Amino acid sequence: MPDDPQHRDRRRTRLYALTDGRTAAPHTVLTMDTTITAAVAADAHGGLPTEWQAILSMCPAPDGRAVAEIAARMHMRLTPMTVLLGELVDRGLIHHRPPLEGAETTNVHLLMRIRDSLAHL
Amino acid sequence: MPTYDTPAREAAPVKILIAGGFGVGKTTLVETVSEIEPLRTEERLTAAGAAVDDLDGIESKTVTTVAMDFGRITLTDAGVVLYLFGTPGQERFWFMWDDLLNGAFGAVVLVDTRRLDRSFPAVDFFESRGLPFVVGANCFHGEQPYTAEEIGAALHLRDPNTPILMLDARSRDDVRDALLALLDLLIAKAGTAAAV
């Protein structure tokens, strides 16, 4: 069955192909605002799927990229992207940094640091 | 094989939502202030159908693909990166999407004073969920026929102290000022919470 025929001009790679056949939920839960950084160089392991290498090379440390940004750049929807990235976390290929907890929204010092940096933008 | 094991130096992610009705300038705002080219992140969402009361369950649900604008601002000095998410246009879907709201520091609700009603749902939603927000009245060159007080009254804001800014979504300074107003609001709330 074609997937969204009116919006897709190319075939979407099936998730099970990208995750090496695994479709079970990975152990790590990633959200759209989690930052991903590569734990290894993209060409460190011969034989990694091209999509995995593409992810590794777009997320160099220390900055990395948000899950939402990787999904957009890889032309994948959020949910399949998080499944794939969770697989890479489980294999130790990438690090993930969760967003600041809700408690940080009441950390005045942090908020003022953010404000000052923003004001100098 | 190089490995990178210095998570302490990574910027901490901070999520901010850019909401408002259809066609009000959310995409423009994110583009204006983001350090990267505009990106759209897609997700498949399900919403219970309001019109059909079907006990079967499956047929009563509607599935759609929504798209969010994504942008970011790295604030190296503060050790954070602001992730800006422009909410999808289909409100009945994203209002049920907890992952979008979870962890957000706050929101900017963009309004068009010619079509204020389009931004009512976002205002109601954030008020009911307790997410701090500022209102940005989008207009060319920041010129409005209405005052901030008039806009606030028309929006029936629950908190009369909710900041309302006149802005041009194409102006980097205006958008930055809106984000600064949001930070000021968060700082004020944090100060109040600490004093209690």
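Is B:Ser34 buried or exposed? B:Ser34 is buried, with a relative accessible area of 13%; buried means under 20% relative accessible area, exposed means over 50%, and partly exposed lies in between, using a 1.4 Å probe and protein chains only. The structure is a predicted model, in which local features need pLDDT of at least 70 and side-chain atom pairs count only at pLDDT 80 or more, while totals for chains, interfaces and linings use all residues. Residues are numbered from 1 along each chain as its sequence is written, chains are lettered from A and ligands numbered from 1 in the order in which they are written, and side-chain values use heavy atoms, with hydrogens and water left out.

B:Ser34 sits in the loop between α1 (26-33) and β2 of chain B. Helices (H or I, at least four residues) and strands (E, at least two) are DSSP runs, numbered from the N terminus. Leaving aside neighbours within four places in sequence, B:Ser34 is in contact with B:Gly71 and B:Arg72, where contact means heavy atoms within 4.5 Å. The side chain of B:Ser34 also reaches two backbone nitrogens: that of B:Ile36 at 3.1 Å, and that of B:Arg72, which lies 3.1 Å from a polar atom of this side chain.

Now consider chain B as a whole. Chain B has six helices and seven strands, and along the sequence they follow the pattern β-α-β-β-β-α-α-β-α-β-α-β-α. Of the 196 residues in chain B, 51% are buried. Among contacts between residues at least 6 apart in sequence, 71% join residues at least 24 apart.

One strand of chain B shows what being enclosed looks like. All six residues of strand β6 (residues 133-138) of chain B are buried, so this strand is largely enclosed by the rest of the structure. In a regular strand the side chains alternate between the two faces of the sheet. On one side of β6(B) are B:Phe133, B:Val135 and B:Ala137, on the other are B:Val134, B:Gly136 and B:Asn138, and both faces are covered.

Strands of a sheet pair through backbone hydrogen bonds, either parallel or antiparallel. Two strands count as paired if DSSP finds at least two bridges between them. Strand β5 (residues 104-111) of chain B pairs with β6(B) in the parallel sense over five bridges, and B:Val108 stands opposite B:Val134. β6(B) also pairs with strand β7 (residues 164-167) of chain B, in the parallel sense and over four bridges; here the bridge partner of B:Val135 is B:Ile164. Together, β5(B), helix α4 (residues 120-129) of chain B and β6(B) make a right-handed β-α-β unit. Right-handed means that, with the strands pointing away from the viewer, the path from the first strand over the helix to the second runs clockwise.

Further along chain B, B:Asp174 lies in helix α6. B:Asp174 counts as partly exposed, at 21% relative accessibility. Apart from neighbours within four places in sequence, B:Asp174 is in contact with B:Leu167 and B:Asp168. The C-alpha atoms of B:Asp174 and B:Leu29 are separated by 9.5 Å, although these residues are 145 residues apart along the chain.

Next comes the interface between the chains. The contact takes 50 residues from chain B and 47 residues from chain A. The two chains bury about 4,200 Å² between them, 64% of it on carbon and sulfur atoms; buried area is the accessible area (1.4 Å probe) that two parts lose on being put together, summed over both. Across this interface the rule finds four salt bridges, a salt bridge being a side-chain nitrogen of Lys or Arg within 4 Å of a carboxyl oxygen of Asp or Glu. In one salt bridge the side chains of A:Glu69 and B:Arg72 meet (2.7 Å, N to O).

Helix α3 (residues 67-74) of chain A is mostly covered, with seven of its eight residues buried. A:His75, with a positive phi near 55 degrees, follows this helix. Chain A also has an open sheet of three strands in the order β2-β1-β3, with antiparallel pairing. Its edge strands, β2 (65-66) and β3 (94-97) of chain A, each pair on one side only. Strand β1 (residues 35-38) of chain A pairs with β2(A) over two bridges, and A:Ile36 has A:Arg65 as its bridge partner.

Terms used:
Polar contact = N/O pair within 3.5 Å; in protein donor to acceptor, adjacent residues only side chain to side chain.
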